[in-house]
Amino acid sequence: MKVLIISHTCFSTYNNMGKTFCALFSQFASEELCQLYIYPSYPDVDICRSYYRVTDKEILGSYFRLHAPGGPVADACLQAGKPAAFARAADAPIYQRRSNSAPSVRLLRDAMWKFSRWYTPQLRRWLDQEKPTCIFLAPGYAKLIYDIALKISREYGLHIVTYICDDYYFVKRPDTLAGRLQLWLLRRKMDRLMAQTRHLVAICEEIRDVYTERFGTDATVIMTGTAQRERVRHQDHDGEIRISYFGALRPNRECALSQFGQALDACNARHGTNCFLDVYTAEAEQTILPALEGIRSIRMHGFVSGEEHQNALQGTDFLLHAEAFDAESRELVRRSISTKIADSLASGIPLLAYGPEDIASMQHLIRNNCAFVAVSQQELGSMLETALFCPQTREEIVENALRAACKYHDLQKNSLRLHALVQCVTADAGCDPGQADPISPGKPDGEKDHDGESKGVFTGCDST
């Protein structure tokens, strides 16, 4: 068995989807994986056997030069232990522009790829060499990634397993003509993809339910796993109480963080506390950052990963998950669950959550009573007071969080379920992939995986 992962981003520790891939495929042997991706970055983890990259810039350049776009990623380009979101720093401001999400830009990008020569002899040679037996597709807003998967599936007779962690189909109809056209074209393409999908992997029940009802596709829920373990925290901060937010500020999360910071300022004034919200993000867009300025309790930091991230966690008293309340942002995240939630629940650090009640991530936390939750701005004050001044409730929340992490987000168990599912799809022997038993992927007991831990069948948690 060999899985061809087709996606926008590569395996990595610095990108949410890259980290999700690391978790989903942690129990696969490297010889069972190869990846085709399009983002201008390089992997910083040695999980996949081989990588092939084709970027937007190479596609655009192919219209003006004879050189074919893309190629296999050389071993020398793998940035083991050196995480960087972009291979070239100059690409960062181009890819992080807020205007990139405009429907007109997405339409132009899809057209650029559609009429390009991305399906090159070099790519076919790489596929012939890798000999994939199944495609694992992680799609998004860009039609181009669907075209790539459908083309390769047709040419090589490969079944497709589609992974949906964000909903792009059941979203609100845009107001603009370009937006409606872009969504109509995307839905048509997704209709084609779902007709060719052998099995759907959904990040949560909400996504599984609407997709199976609409498309009749067999589906399995596999939530994001985490290797995070409960940490002993150093809490001597000279009287400071530190709340940490890690991750992106889009879509419009800066608004939620601003409201949270204002509530924290009010709490400090009311009780004489010294609480701070430390925001760790790679965001550099100047139209976004001003929303967080002028709030005394908010301290901005750059993106951290690896040891720096672990050190930041070590000094954290609370973690924060936040989502925006505007209609457009709610539509984008309504049926998705943030990658960070799995790590947060398993960390043993109390989690604060601020966002709309009707989105999947908040529902997951509410159902399992594993976070201090505020679903409106009016609830922020009371939520903060309970979190700060009720130690017994904090202990209960942390216990529930660890239990939820064990039940829903266990790294080994979830990856073994995916391995069994993909094995079943590849064999195409009439078995039900959704009922496939999670078995060890052909490695002797005790053999180590990429981080040195045993990859035997998980038995450490009660998953009932």
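Where is the place of P251? P251 sits in the loop between strand 9 and helix 9 (253-271). This is a predicted model, in which local features need pLDDT of at least 70 and side-chain atom pairs count only at pLDDT 80 or more, while totals for chains, interfaces and linings use all residues. Residues are numbered from 1 along each chain as its sequence is written, and side-chain values use heavy atoms, with hydrogens and water left out.

**Overall chain**

- The protein chain has 16 helices and 14 strands; helices (H or I, at least four residues) and strands (E, at least two) are DSSP runs, numbered from the N terminus.
- Of the 464 residues in the protein chain, 54% are buried; buried means under 20% relative accessible area, exposed over 50%, and partly exposed in between (1.4 Å probe, protein chains only).
- Among contacts (heavy atoms within 4.5 Å) between residues at least 6 apart in sequence, 71% join residues at least 24 apart.

**Loop geometry**

- The peptide bond from R250 to P251 is cis, and its omega is near 0°.
- N252 lies in the loop between strand 9 and helix 9, and has a positive phi of about 60° although it is not a glycine.
- K131, also not a glycine, has a positive phi of about 55°; K131 is found in the loop between helix 5 (121-130) and strand 5 (134-137).
- K131 counts as exposed, at 59% relative accessibility.

**Helices**

- V105 belongs to helix 4 (residues 103-114) and counts as partly exposed, at 32% relative accessibility.
- Leaving aside neighbours within four places in sequence, V105 is in contact with S99 and N100.
- V105 and Q182 are 77 residues apart along the chain, and their C-alpha atoms are separated by 9.8 Å.
- In helix 10 (residues 306-314), the buried residues are A312, L313 and Q314; they pack against strand 9 (241-246), strand 10 (275-280) and strand 12 (318-322).
- Helix 13 (residues 360-367) has A360, S361, M362, H364 and L365 buried; N369, which follows helix 13, has a positive phi near 45°.

**Cavity**

- The structure holds one cavity of 30 Å³ or more; on a 1 Å grid over the protein atoms alone, a cavity is a set of points where a 1.4 Å probe fits but cannot get out.
- The largest cavity has a volume of about 30 Å³; grid points are joined across faces, edges and corners, and a volume is the space filled by probe spheres set on the points.
- The lining of the largest cavity consists of S344, L345, G348, I349, P350, L351, C370, I397, V398 and A401; lining residues have an atom within 4 Å of a point.
- Helix 12 (339-346) and helix 15 (391-408) are the elements that give two or more residues to this lining, and helix 15 supplies the largest share, three residues.
- By class, the lining has eight nonpolar, two polar and no charged residues; Ala, Val, Leu, Ile, Met, Phe, Trp, Tyr, Cys and Pro count as nonpolar, Asp, Glu, Lys and Arg as charged, and the others, Gly among them, as polar.
- C370 counts as buried, at 0% relative accessibility.

**Cysteines**

- A search of the whole structure finds zero disulfides; a disulfide is a pair of cysteine sulfur atoms within 2.5 Å.
- The closest cysteine sulfur to that of C204 is in C165, at 9.6 Å, too far for a bond.
- C204 counts as buried, at 1% relative accessibility.

Definitions and conventions:
On a 1 Å grid over the protein atoms alone, a cavity is a set of points where a 1.4 Å probe fits but cannot get out, and a pocket is an open set with protein on both sides within 12 Å along at least five of seven lines; lining residues have an atom within 4 Å of a point.
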